[in-house]
Amino acid sequence: MADEPAAGGGAEARLFTTYTSTDHARVELSARLFALAGECHEALIPENAAGDGWPNAGIKVAQDIMSAARGIMDAAVVAAYESGLTWQQIGRAFTTGQGDDGITRQSAHTKYAAAVAQFHEQLAAAIDRAERGENPVDYSRGPWPKRICNTESYAPRLDQAATVDYPAVLGTPAKPGEFTATLSDPATACSAQIAGGVRGPDARPLGCRYTEQLDDPYGDDGMYGWLACTSHEGHLGDHHLAVRTEG
């Protein structure tokens, strides 16, 4: 992911700012998985990848792959959180399949909240650059790892991933548009810019990211809130609005 790919393939690219925060997190996760598949493909002959003799080369490429896998776990948690899972639900996902209940809400929050915060910070900065006509994601800036990729470029590329670089590794060729069909519908989705107002630090957001702050306080206590759509994100048709209060 260090080099910026050219857009193309089975789906039309959208502007960076038209994707929701959930979309950005989902594309970042998939892009990391795609990159890991490439690293694994190159590591089949470790001497070629690490430039060292066997068995040292095997250890070196395994370290690189393990480091990439840790980044994928961070990206997976961010994508789950942005998709609406609570920290409790995320913790339960860390089950070993041996009848355990995963990890606690507190443990999940302690371990991954920083990655979520970094994702929000980097996405806000990228949107700001995009709105100024600059490249939203400059890979020469800031320390690695990034929490986002250039969604505008990667989303359509991921649609053709199985048919281009590693057809024997990535499995059955994907249908054009298959990946981007899992993202929000650009005709109804709101950009990532207004997604933050709907949720607190541990609140499960309503489905669609449409929000509009109320002009007047909600109720007699003077509390303000938002009109938020309760339909699934990317839905077709009219919004179904409900009031969401602060906190």
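**The chain as a whole**

Display the chain as a cartoon: seven helices and three strands are present, where helices (H or I, at least four residues) and strands (E, at least two) are DSSP runs numbered from the N terminus. Read from the N terminus, the elements follow the order α-α-α-α-α-α-α-β-β-β. The model is a predicted one, in which local features need pLDDT of at least 70 and side-chain atom pairs count only at pLDDT 80 or more, while totals for chains, interfaces and linings use all residues. Residues are numbered from 1 along each chain as its sequence is written, and side-chain values use heavy atoms, with hydrogens and water left out.

Of the 247 residues in the chain, 40% count as buried; buried means under 20% relative accessible area, exposed means over 50%, and partly exposed lies in between (1.4 Å probe, protein chains only). Contact here means heavy atoms within 4.5 Å. Among contacts between residues at least 6 apart in sequence, 60% join residues at least 24 apart.

**Stop 1: helix α3**

Select residues 56-82, which form helix α3. The expected span of a helix is 1.5 Å times one less than its number of residues. Continue to Gly84, which follows α3 and has a positive phi, near 115°.

**Stop 2: the largest nonpolar core**

Next, select Phe16, Val27, Trp87 and Ile148. Of the 35 residues in the largest nonpolar core, these four touch the most other members. A nonpolar core is a set of buried Ala, Val, Leu, Ile, Met, Phe, Trp, Tyr and Cys residues joined through side-chain atoms within 4.5 Å. Helices α1, α3, α4 (87-93), α5 (105-131) and α6 (151-159) each supply at least two residues of this core. The greatest contribution comes from α5, with eight residues. In soluble globular proteins, nonpolar side chains tend to be buried together.

Centre the view on Ile148. Apart from neighbours within four places in sequence, Ile148 is in contact with Phe16, Glu28, Phe119, Gln122, Leu123, Ala126 and Val137.

**Stop 3: Thr151**

Move to Thr151, in helix α6. Thr151 has 0% relative accessibility and therefore counts as buried. Which residues does Thr151 touch, not counting residues up to four places away in sequence? They are Phe16, Tyr19, His24, Val27 and Pro156. Although Thr151 and Phe16 are 135 residues apart along the chain, their C-alpha atoms are separated by 6.1 Å.

**Stop 4**

Now select Arg14, in the segment before α1 (21-42). Arg14 is buried yet has no salt bridge, a salt bridge being a side-chain nitrogen of Lys or Arg within 4 Å of a carboxyl oxygen of Asp or Glu. The nearest side chain of opposite charge, Asp23, is 4.1 Å away from Arg14; Lys and Arg count as positive and Asp and Glu as negative, and His and the chain ends are not counted.

Which backbone oxygen does the side chain of Arg14 reach at 2.6 Å? It is that of Thr18. The backbone oxygen of Ser184 also lies 3.1 Å from a polar atom of the Arg14 side chain. Leaving out residues up to four places away in sequence, Arg14 touches Tyr19, Asp23, Glu152, Ser184 and Pro186.

Select Ser184 itself, in the loop between α7 (161-164) and β1 (211-213). With 5% relative accessibility, Ser184 counts as buried. Its side chain is joined to that of Asp23 by a polar contact of 2.4 Å. A polar contact is a pair of N or O atoms within 3.5 Å; within protein, one must be able to donate a hydrogen and the other to accept it, and residues adjacent in sequence count only if both atoms are side-chain atoms.

**Stop 5: the salt bridges**

The count of salt bridges comes to five. Begin with Arg32 and Glu28, whose side chains meet at 2.5 Å, N to O. Both residues are buried. They are four residues apart in helix α1, so about one helical turn separates them.

Proceed to Asp52 and Lys60, which form a salt bridge at 2.9 Å, N to O. Asp52 is partly exposed at 27% relative accessible area, and Lys60 is partly exposed at 39%.

Finish at Arg132 and Asp128, where the salt bridge is 2.1 Å, N to O. Arg132 is partly exposed at 48% relative accessibility, as is Asp128 at 37%.
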